[in-house]
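I opened this entry to note what I looked up, element by element.

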Amino acid sequence: MKRKVGKSLDIDGSIPEDRCALCRLPDNDPAMFGEKFTLKEHKLSVHYFCLLTSCGIYQRGEEDEGVCGFLVDDIKLEIRRSARLTCYSCKKKGACVGCNIKSCRKMVHFPCGRKHKFISQFTGLFPSYCPDHSPSQSLNVSSGLCPPQSCSVCLDALEPVLSYAVLKCPSCHASWFHRDCVQRQAHSAGLYFFRCTLCNNKENYQEEMLRMGIYIPERDASWELEANAYSELLEVYMNCDAVACLCNSGRRHSAKTGWFEVIRCRLCGSRGTHRKCSGLTLDTRDWACPDCIKATDGKASLVASPQGGPRRSLLSKHHLPSIHSSISCKRPMLHAVSSTPEELLQALALQLHSVSVQVEVSSDQALSTALEMVRRPHFDPTSRLSVRFKDDQPTAFPSSLWSRETSRQYFLKLLMQQIQDSVVFEGPDGSKNLALDSQALREDLYFDVGCLLALSLVHGGPPIGFFSRTLYQCLFNYPPNCPLNITHMTPETHFTRHVSRIVEAESVDDLTDAMAASWEYLELAGCNRPISSLQERDALVEDLISFTLITRMQLPLQRFREGLQTLGVFNQVQLFPSVFCGIFCEEALHLSAQTIAQLFSVNFSQQEERLSRETAIVSFWRQFLFECEVGRSSISLQDLLHFSTRTEVLPAAGLLPPPSISFLHPQCSSHTEWVGAGKEVVRGGRAVCRDEGLFPQSKPGSNLLLLPVTSSYEAFKGSMEQAISHHMHLVPSET
């Protein structure tokens, strides 16, 4: 049944034509409210942002229909709908913007929402969020460092606390700005020029600003649209500024040649003189005005070409002298408080959802199967991996006994081993550099491998551990500003042998011979230049190393970085390079008794009688770990870890849920007495608890280990060894 509309809801004549029919305000500020459209024939005006953020209207028309695709009839219906709704802020009718959370009933006018910290996202379905549900930014800053004190757009002071009114760049974290300032910057710069004012990042910066409610118009920059905006750049200064101008035609006259041609200052270009008026010769072309001579202490003629400066390495660009200004002093680079890689990867794992992607794999085809998976048209990296091994493949453990978690971890372990041995890497095991392979470039294998490494880290795979320090530095610039030398090159490669021969030359003749033998390599690197002394060799070697490790590898490095950006891994590592260095460059730590002891938390009972027994068992547990480590037990720490969690190597993201220990108490009455095996069961009519029949149990799904409560360490050790040995030998026997 069609709902009747009362007369009070009729829009005709109820709202002045100069006011927005949705928010009731006459403001015409395109940066804050969007362009204001006035429909004379319908006697109404609307702000573009009010239309975009309204809950009950959609663009059903083409761009040239109605108001940018919003049909006039739909606009009128939305005005009538919102006329029934009261604004949460001003308490007046006409609220058309609602919080996107279904359980939240807050409605506001768009301008009222801005005042009360509503965030409207101008992307997707254009949702809006109230202050209780709106997205926010966070940054951990060490207590010894101060955040920026000024806005990087307007340069005015700002409150150094991230809030609705103060935002930051997600890439450099050093650029902070007022919300209104960055909105006006976006309105002026448009989609193609809107970027961070400090680090010049565009993609991540725009994505974050859209998330935080900044509207970015899809057009060119305003200065590019202005007619003849740069016409003044085509004009040259043509005026004689001499104290006494001798030209009869006046100061503005400039002949093409001769005494009365205007010569401009070669430094500032904003002053000029006739040759005759300043006593110059007829062939004078270079001249400096008095102001520039004074500014350069009379050495204006000594100003050198920019190319005449000192040489510097491609990796030492940060060694340039810092520019001391009020801006740079107010805005130091921020460093987040260090955390553990497990915590940072677990934060990224929150993106994963319950929907799973099925993977059927053979043990020797883990890499090819993974590549086929990520190259699927609709592959979603946030889907959890559900792995099943083919039964015809011999593995250490039959798939029938594997849990979903065990299968995934074993698959990721195989994947990491096969990636290390793939064509995209070269060098010794445990210290790999990227290799240049044309086939891998054509297949975009560098991107795919980077994507798989990121997936493995977030989905619970083992640490990478095989990157060389050189590769880690080329990817993440850590350690920062560290120049490369020949030790960073991959050993036993064609290029390394050429550079080594040049480095080992003991005389100019030896150096000439080495260069002659490597002329093709020198030509390729653009370094085939004459060398007259051994002192010039260092610069040559530096150029060759930079070419081999950086210039030659630009495209593979770029695609590899883009692959690592999957699930935000690259950005996280870039923020905490020192924290992640061990994950990428160091082999997994050898298990120790201390590592296992710290890995498991202990859940004690509340009853005092049980608590005293459990405290003794914890001491037995620690002693047992020590004996496993030093070889006094028949089982190893790896066996113990596998029994408890069904994993052989600790994942880079840590174990989830965190491993814990509970206790198995014997079934006996409340009045008990402990005896060892083989002793009497009854004493004076009291129940007695034996050590026999109690064995440890594990619940891999929850990473819970149940320790038997025994009367002696010998009984505890025997129980643990028997159960774990049975577990480790049972599984292979069924293969």
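I count two strands as paired if DSSP finds at least two bridges between them. The model is predicted, and I read it as such.

**Hairpin**

I began with β1 (residues 36-39) and β2 (residues 44-47). These strands run antiparallel, and 4 bridges join them. I looked up the partner of Thr-38 and found Ser-45 in β2. The two strands form a hairpin with 4 residues between them. In the turn, I noted a positive phi of about 55° at Lys-43.

**β11 and β12**

Next I went to β11 (residues 353-361). This strand pairs with β12 in the parallel sense, over 7 bridges. Val-361 stands opposite Phe-389 of β12.

How many of the 7 residues of β12 are buried? I found 5, so the rest of the structure largely encloses this strand (residues 383-389).

Glu-360 and Arg-388 meet in a salt bridge, at 2.7 Å from N to O. Glu-360 belongs to β11 and Arg-388 to β12, and the two are 28 residues apart, so I logged the pair as a link between distant parts of the chain. Glu-360 has a relative accessible area of 43%, which makes it partly exposed. Arg-388, at 42%, also counts as partly exposed.

**Other salt bridges**

My count for the model came to 20 salt bridges. I looked at two more of them in detail.

Glu-261 forms a salt bridge with Arg-275, with the closest N and O atoms 3.0 Å apart. Glu-261 lies in the loop between α7 (222-225) and β9 (262-264), and Arg-275 in the loop between β10 (272-274) and α8 (290-295), so the pair ties together parts that are 14 residues apart in sequence. Are these two residues buried or exposed? Both Glu-261 and Arg-275 are buried.

Asp-286 forms a salt bridge with Arg-266, and here the closest N and O atoms are 3.9 Å apart. Asp-286 sits in the loop between β10 and α8, whereas Arg-266 sits in the loop between β9 and β10. The pair is 20 residues apart and links distant parts of the chain. Asp-286 is exposed, with a relative accessible area of 56%. Arg-266 is partly exposed, at 40%.

I then followed shared partners. Salt bridges join Glu-261, Arg-275 and Arg-285 into one network.

**Helix α5**

I turned to two residues of this helix. Gln-183 lies in α5. Its relative accessibility is 2%, so I count Gln-183 as buried. What does the side chain of Gln-183 meet? One of its polar atoms lies 3.0 Å from the backbone nitrogen of Tyr-215.

Phe-193 lies in α5 as well, and the helix spans residues 179-193. Phe-193 is partly exposed, with a relative accessible area of 33%.

Note on methods. Residues are numbered from 1 along each chain as its sequence is written. This is a predicted model: local features need pLDDT of at least 70, side-chain atom pairs count only at pLDDT 80 or more; totals for chains, interfaces and linings use all residues. Side-chain values use heavy atoms; hydrogens and water are left out. Buried means under 20% relative accessible area, exposed over 50%, partly exposed in between (1.4 Å probe, protein chains only). A polar contact is a pair of N or O atoms within 3.5 Å; within protein, one must be able to donate a hydrogen and the other to accept it, and residues adjacent in sequence count only if both atoms are side-chain atoms. A salt bridge is a side-chain nitrogen of Lys or Arg within 4 Å of a carboxyl oxygen of Asp or Glu.
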